[in-house]
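Subject: Handover of a structure

Dear colleague,

Please find below the structure that I am passing on to you. My notes on it follow directly after.

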Amino acid sequence: MKKKLFIVSILLLSVFLSACSQTKNTDNKSTNTSQTKTTSNSINYLNKNYTVKAPTSKIVTASFESMEDAVALNFHPVGAVTISGEMPGYLKNKLGKDVANIGDKFGPNVESVAALKPDIILGSTKFDEKVTSNLTKIAPTINVSHKSDDWEKT
């Protein structure tokens, strides 16, 4: 009886996985055709409205919060912050090999960020208003919450 249950479980799992892979392929095809046209999307995050380009391909993670989110969501930013000139070890290999150093976590280098021509900048709610103001001049800047209670909104 256990052997039959095991075989049935394996068969169900393989059917489920094959269905998932077919759905993924279909999604990729529809994504590719929609990427030919650029539009703007409005995002409301933590009671603030932001207008961002869609699709967004050049993202700068200007805070550790946004760098961790990038790793969790499996996207590779074009630029990220460092500590003493080094990417944090626990994130370094997961952010992608081509990520550029944009400066220190307390205040990213505005010139380095601007040189990357980002579509969007993900900062931190811990940023000083001056830092946010400077980054907003380059691209829409969304300050990602540093509070764990906001994880679902983030």
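Leaving out residues up to four places away in sequence, which residues does E65 touch? In this predicted model, E65 touches S124, K126, V144, S145 and H146. E65 itself belongs to helix α2, which covers residues 64-73. With S124, the link includes a polar contact of 3.3 Å between the two side chains. Is E65 buried or exposed? Its relative accessible area is 13%, and the cut-off for buried is under 20%, so E65 counts as buried.

A second residue to look at is T125, in the loop that runs between β7 (120-124) and α5 (129-136). T125 has a relative accessibility of 34% and is therefore classed as partly exposed, since that class lies between 20% and 50%. Setting aside neighbours within four places in sequence, T125 is in contact with L46, N143, V144, S145 and H146.

Turning to the strands, six of them form an open sheet in the order β6-β5-β4-β3-β7-β8, and the pairing is mixed. At its edges are β6 (107-108) and β8 (141-144), each of which pairs on one side only. Within the sheet, β4 (residues 79-82) and β5 (residues 100-104) pair in the parallel sense, over three bridges. In one of the bridges to β5, G79 has A100 as its partner.

Yours sincerely,

A colleague

Definitions and conventions:
Residues numbered from 1 in each chain as written. Predicted model: local features only at pLDDT ≥ 70, side-chain atom pairs only at ≥ 80, totals over all residues. Heavy atoms only, no water. Helix = DSSP H or I, 4+ residues; strand = E, 2+ residues; numbered from the N terminus. Buried < 20%, exposed > 50% of the residue type's maximum accessible area, 1.4 Å probe, protein only. Contact = heavy atoms within 4.5 Å. Pairing = 2+ DSSP bridges. Polar contact = N/O pair within 3.5 Å; in protein donor to acceptor, adjacent residues only side chain to side chain.
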